[in-house]
Amino acid sequence: MREPLIPVVPMSHTAHIRSHRKPRRNASTLAMRAGVAGGVLSTLAVAGAAGSANAAEPVTQTLELPTLTADLATQVAQSADATQQAAANYELQAERDAAAANAAKQAKADLADAKKKAEAKKKAEAARKAAAEQAASRSAARTTLSASASTSTSTASTVSAPASGSVATVIAFLKAQVGDAYVMGGTGPNAWDCSGLVQAAFKQVGVDLPRVSQDQSTSGTPVSLSNVQVGDILYWGSAGSAYHVGVYIGNGQYLDAANPSKGVVIQDLSGYPATGAVRVL
């Protein structure tokens, strides 16, 4: 068998020097380089055209906000919850403070009211005590007058009464009631209305008069006001329908249970002239 023959290619005299060797270029390398060059040129052309078209438009930069992670969202939610709880606590504390202030104000008002009531009660008790003492004093004076009325002539002469023990007794009783209160329907012993006082006065001498002023104005003998005497019953209004009565005590005066503001008083006929009079003694 024959060995294959190896062709011999003559070499340049500088082929043994590395720098003088020409690199070999295959077809693929050349094609790739041509494509890269063509792509670069195309890119530059497109960029130049786009730059010319957009030269007059401002460049806008768009920033993307970072996306909240799950941990950051949880922290934000917890912070919001804490803020809401703090606000609720502040509101609750404000309500408590307001309630405490209102309670203190109400307690102060209640204390002032209690003091006023205590003071009013104290004054009422003092007035009641004074009234009781005054009533006891009047009662003692009435007892003394009743015991001495039949034998004493000084009282009758003071009121210019005729020589009649009965009239003197009536006048003495009436004077003992001066200062008592006026109460509608009152019949004593410390409060009277006009007809209740007249009825009680004449009952001291055994004369039973009707209870009301209308009937008292027709009891006894009618007399003219020019001939009125001590002990005569005076009335205001027409006979049979009188609305007020009193007793003449002499010297142009009469005694009556006038009204709630005056009580039992002695008054002048000139200030409040009577309509008529009747005599029962």
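**Exercise 1.** Is D193 buried or exposed?

*Solution.* This is a predicted model, in which local features need pLDDT of at least 70 and side-chain atom pairs count only at pLDDT 80 or more, while totals for chains, interfaces and linings use all residues. Residues are numbered from 1 along each chain as its sequence is written, and side-chain values use heavy atoms, with hydrogens and water left out. Buried means under 20% relative accessible area, exposed over 50%, and partly exposed in between (1.4 Å probe, protein chains only). With a relative accessible area of 6%, D193 is buried.

**Exercise 2.** Find the salt-bridge partner of D193 and describe where the two residues lie.

*Solution.* A salt bridge is a side-chain nitrogen of Lys or Arg within 4 Å of a carboxyl oxygen of Asp or Glu. D193 pairs with R211, and their closest N and O atoms are 3.0 Å apart. R211 sits in the loop between α5 (194-203) and α6 (213-216), whereas D193 sits in the loop between β2 (191-192) and α5, so that the pair, 18 residues apart, links distant parts of the chain, where helices (H or I, at least four residues) and strands (E, at least two) are DSSP runs numbered from the N terminus. R211 is partly exposed, at 27%.

**Exercise 3.** Work out how K117 and D113 are placed relative to each other in helix α2.

*Solution.* Their side chains meet in a salt bridge of 3.4 Å, N to O. Both belong to helix α2 (residues 70-148), and because they are 4 residues apart, about one helical turn separates them. K117 is exposed at 56%, whereas D113 is partly exposed at 36%.
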